[in-house]
Amino acid sequence: MTTVYLHIGTAKTGTTSIQNFLAENRILLEKQDFSYPYMNLGLSHQVDKRNAHFLAYLSPEKDRAKEKEIRSKGYEFVSQAAREHSKVILSDELIWSRSAVMKNFWPQLAANFKRLDCKVKVIVYLRRQDQLLQSLWNQYVKDFRIVSQTFQEYSRQNGLNRYPFDYFKHLNTIAKAVGKENLIVRVYEKSQFKDNNLISDFLQIVGVSHTDEFTSGSIHINHGLSGNFIEMKRIINKARCYKDSDNFLQYPMLFASVQQQETSKSSKASMFTYEETLEYLQQYEESNRKVAEVYLNRPEGELFRDKIEDTPAWQLDRDTLHEDILLFTTEALFAQETKIRELQSQISDMRQNMTAMKQEIQVLRQKNTSMYNSLIFRIYRKLRRVLKHK
């Protein structure tokens with residue numbers, strides 16, 4: 001029986017780095033009888049390395065037939081990989097949240113893998129809830145043009161009310177379907193990783209020997225927006241015209257933010273005050289304690305070990321605002337200029353192709369004229385011979 005290791009996130013716990021590593025080292029993994037199968041499902045390139053996405057795929061058009069087709073094809077790829085290898089690794093961070101709203105997700109998943117004669121082991125990394133909430137809001141403002149609430153507004157309006165922050169409750173749902181012994185819970189804190197390294201920690205879980213042959217060249221750092229840039233992007237998202245765009249200012253804003261982070265000496269800030277952090281975490285204290293006791297075998301009930309720091313609360317930095325606006329404007333103009341140059345290059349290539357086509361057409365016309373004239377002349381000569389004999 002093949003073992004399927006299903007990595008389900010949560011979001012903002014280094015999942016992209018893990019997926020990049022696995023995708024880049026497919027051949028080396030196969031030497032150790034592991035498969036990280038590529039799913040050619042015709043979906044966005046953004047989910048190419050998230051090979052478990054078929055399990056949580058939802059059609060934007062709510063096309064249930066397409067969703068069923070995608071899942072069926074995904075299971076076929078898993079079945080093929082399972083016939084060739086004794087261990088298969090699948091990963092997609094959306095599974096943690098979407099499985100909370102998709103009806104009978106875990107019982108159906110367990111049944112489907114059983115039909116494939118596969119034993120499923122679920123791996124999940126948990127991040128402290130206050131950090132996760134801030135990181136998710138930051139990403140939503142950065143990546144989605146429809147999010148324009150402040151952090152406080154978003155929190156009060158329960159913008160993430162369907163996200164399973166009650167870890168113990170959601171873990172119990174998963175364990176009920178796949179078995180507690182098949183649920184591997186890890187904590188997303190560097191001090192709790194094997195060798196203080198996320199990749200080493202993950203490989204140890206699944207049983208891969210981390211040799212020097214493996215490459216980690218594309219370890220992904222998913223930068224969030226910092227300082228004034230998160231507020232600037234939030235306000236831009238409020239513009240009615242921008243809501244209908246393709247979020248074209250996302251990357252200029254991100255690049256400006258990263259540049260400012262690399263050059264400035266500004267300290268880390270939190271969207272929560274220290275007192276707000278303690279108050280927010282209090283609602284999950286009992287749940288976290290039970291996770292530590294039940295799923296990590298820690299009688300003391302300590303899940304997260306990093307100290308809760310008294311980090312300065314975020315506020316708009318008016319002293320650097322003018323510089324930040326100029327940085328962002330420059331990045332936006334540069335992106336526009338780059339796009340214009342690409343379009344000009346394409347237009348130039350198209351003109352050259354059109355000129356070449358015109359020349360070919362002219363040559364063909366000349367050939368056709370010559371052939372036409374030659375044909376007329378032959379018909380004329382033949383008619384003369386016929387008339388002459390008469």
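**Figure 1. Asp33, a residue that is partly exposed in the predicted model.** Asp33 has a relative accessible area of 30% and is therefore classed as partly exposed, a term for values between the buried class (under 20% relative accessible area) and the exposed class (over 50%), computed with a 1.4 Å probe on protein chains only. The residue sits in the loop between α2 (26-31) and β2 (34-35), where helices (H or I, at least four residues) and strands (E, at least two) are DSSP runs numbered from the N terminus. Although Asp33 is not a glycine, its phi is positive, at about 70°. This is a predicted model, in which local features need pLDDT of at least 70 and side-chain atom pairs count only at pLDDT 80 or more, while totals for chains, interfaces and linings use all residues. Residues are numbered from 1 along each chain as its sequence is written, and side-chain values use heavy atoms, with hydrogens and water left out.

Figure 2. For context, most residues other than glycine have a negative phi, and most peptide bonds are trans.

**Figure 3. The crossing of helices α1 and α10.** The axes of α1 (residues 15-24) and α10 (residues 198-206) come within 10 Å and cross at roughly 65°, the axes being lines fitted to C-alpha atoms, for helices over the stretch in contact, with angles running from 0 to 180 degrees between N-to-C directions. This makes α1 roughly perpendicular to α10, where angles of 65 to 115 degrees count as roughly perpendicular, those under 35 as roughly parallel, those over 145 as roughly antiparallel and the rest as oblique. The crossing is right-handed, meaning that the near helix is turned clockwise from the far one by less than a right angle. Ser17, Ile18, Phe21 and Leu22 of α1 meet Leu198, Ile199, Phe202 and Leu203 of α10, with contact meaning heavy atoms within 4.5 Å. By class, the residues of this contact divide into 7 nonpolar, 1 polar and no charged; Ala, Val, Leu, Ile, Met, Phe, Trp, Tyr, Cys and Pro count as nonpolar, Asp, Glu, Lys and Arg as charged, and the others, Gly among them, as polar.

**Figure 4. The crossing of helices α7 and α11.** Helix α7 (residues 129-143) and helix α11 (residues 227-238) have axes that come within 9 Å and cross at roughly 50°, and the two are therefore oblique to each other. Their crossing is left-handed. On the α7 side the contact is made by Trp137, Asn138, Val141 and Lys142, and on the α11 side by Ile230, Lys233, Arg234 and Asn237. The contact of α7 with α11 has 3 nonpolar, 2 polar and 3 charged residues.

**Figure 5. Arg289 in helix α14, and two cysteines.** Arg289 is placed in helix α14 (residues 285-295) and, with a relative accessibility of 28%, counts as partly exposed. The C-alpha atoms of Arg289 and Leu303 are separated by 6.4 Å, the two residues being 14 apart along the chain. Cys118, at 5% relative accessibility, counts as buried, whereas Cys241, at 63%, counts as exposed. A search of the whole structure finds 0 disulfides, a disulfide being a pair of cysteine sulfur atoms within 2.5 Å.
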